[in-house]
Amino acid sequence: MRRADRLFLIINALRGRRTALQARQLAETLGVSLRTVYRDVADLQLSGVPIEGEAGVGYVLRKGSDIPPLMFTADELESLVVGTRFVRAFAGEKLAAGAQAALVKIEAVLPPELRERSSRTRIYAPIWRDEESVAFAARIDQLHAAIEAQRVLRLFYKDEVGHESEREVEPLCLAFWGGKWTLGTWCRLRRDFRNFRPDRIERFEETGEVFESAPDRNLASYLQAMRGYYSGLE
């Protein structure tokens with residue numbers, strides 16, 4: 001666990017408590033040593049967080065301390081839980097792990113009744129981890145990384161009728177359409193925006209080139225073009 005995450009969880013474990021929380025309990029919850037807890041608490045105190053107590057006694061937040069709580073309504077919480085389940089089921093492993101970690105942090109600050117509500121959510125997105133789905137999740141992660149780094153990709157693509165082509169593209173975004181993903185790009189062959197389904201990409205490779213975001217072929221222009229295209233189908 002990252003140190004920043006530990007500090008966040010320590011503060012929220014102390015929030016709203018009327019009795020002191022033992023350092024040993026914090027250590028067990030966080031999976032770290034007592035020495036690490038003592039050091040983290042001392043650092044929080046030095047940074048101005050109003051934690052009172054000491055080693056061997058326990059810790060509390062000073063009464064009346066102005067640390068606003070993070071709170072959600074039951075509906076907001078259910079949306080977060082459901083969203084996390086969908087990300088875990090359909091996104092890449094990196095995004096799935098991030099969503100799950102975020103939910104753990106959120107649930108750590110919830111009152112018991114809302115924490116119980118989150119466990120009762122009845123909307124699911126089953127996770128299948130066969131060889132094919134694991135490979136596809138890895139592909140989504142790789143495409144996502146290329147988008148973030150603005151790396152030009154060479155796609156070896158097969159369309160819906162089986163026609164094969166090679167395209168050099170500037171990847172702009174990934175979109176999930178409730179069953180299928182699409183990769184939104186600027187296609188250098190067609191000199192226009194094009195969507196490609198990751199499940200139809202035979203393989204792809206990085207060209208080694210990093211593209212610059214241009215006003216006529218950036219994400220904002222792509223989204224505007226897609227809005228115009230789909231509105232014209234109505």
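Five bridges join strand β5 to strand β6 in an antiparallel arrangement; strands here are DSSP runs of E of at least two residues, helices are runs of H or I of at least four residues, and both are numbered from the N terminus. Two strands are taken as paired if DSSP finds at least two bridges between them. Thr185 has Arg194 in β6 as its bridge partner. Four residues lie between the strands in the hairpin of β5 and β6, where Arg191 takes a positive phi near 55°.

This is a predicted model, in which local features need pLDDT of at least 70 and side-chain atom pairs count only at pLDDT 80 or more, while totals for chains, interfaces and linings use all residues. Residues are numbered from 1 along each chain as its sequence is written, and side-chain values use heavy atoms, with hydrogens and water left out.

**Strand pairs and hairpins**

Strand β5 (residues 181-187) is also joined to β4, by seven bridges, and these two strands run antiparallel. Thr182 in β5 is the bridge partner of Ala175. The hairpin of β4 and β5 has four residues between the strands, and Gly178 there has a positive phi near 70°.

Strand β4 (residues 164-176) runs antiparallel to β3 (residues 151-158), with six bridges between them. Arg154 stands opposite Glu168 in β4. Five residues separate the strands in the hairpin of β3 and β4, and Gly162 takes a positive phi near 90° in that hairpin.

| Strand pair | Bridges | Residues between the strands | Residue with positive phi |
|---|---|---|---|
| β3 and β4, antiparallel | six bridges | five residues | Gly162, near 90° |
| β4 and β5, antiparallel | seven bridges | four residues | Gly178, near 70° |
| β5 and β6, antiparallel | five bridges | four residues | Arg191, near 55° |

Most residues other than glycine have a negative phi. Arg191 has a positive phi of about 55° although it is not a glycine. Arg191 sits in the loop between β5 and β6 (192-196). With 64% relative accessibility, Arg191 counts as exposed; buried means under 20% relative accessible area, exposed over 50% and partly exposed in between, with a 1.4 Å probe and protein chains only.

Gln150, also not a glycine, has a positive phi near 55°. Gln150 belongs to the loop between α7 (131-149) and β3. The relative accessible area of Gln150 is 27%, so this residue is partly exposed.

Glu206 lies in strand β7 and, at 45% relative accessibility, is partly exposed. Glu206 touches Arg151, Val152 and Leu153, leaving aside residues up to four places away in sequence; contact means heavy atoms within 4.5 Å. The side chains of Glu206 and Arg151 are joined by a polar contact of 3.3 Å. A polar contact is a pair of N or O atoms within 3.5 Å; within protein, one must be able to donate a hydrogen and the other to accept it, and residues adjacent in sequence count only if both atoms are side-chain atoms. Glu206 and Ala146 are 60 residues apart in sequence, and their C-alpha atoms are 8.2 Å apart in space.

Asn218 is placed in the loop between β7 (201-210) and α8 (219-231). Its relative accessible area is 18%, so Asn218 is buried. A polar atom of the Asn218 side chain lies 2.9 Å from the backbone nitrogen of Ser221. Not counting residues up to four places away in sequence, Asn218 touches Leu172, Phe193 and Ser213.

**Domains and annotation**

The chain is divided into domain 1 (3-61), domain 2 (74-120) and domain 3 (131-227), with bounds from an automatic or database domain assignment. The centres of domain 2 and domain 3, taken over C-alpha atoms, are separated by 29 Å. Six residues from domain 2 and six residues from domain 3 take part in the contact. About 550 Å² is buried between domain 2 and domain 3, and carbon and sulfur atoms give 67% of this area. Buried area is the accessible area (1.4 Å probe) that two parts lose on being put together, summed over both.

An unreviewed UniProt entry carries the annotation "domain: WYL" for residues 140-205. UniProt positions are given in the numbering used here, feature names are shortened, and annotations may be inferred rather than shown by experiment. Over residues 140-205 the chain is 15% helix and 58% strand, with the end C-alpha atoms 14 Å apart.

Gly48 lies in the loop between α3 (34-46) and β1 (51-54). Gly48 is exposed, with a relative accessible area of 57%. Between Gly48 and Leu103 there are 27 Å in space, C-alpha to C-alpha, and the two are 55 residues apart in sequence.
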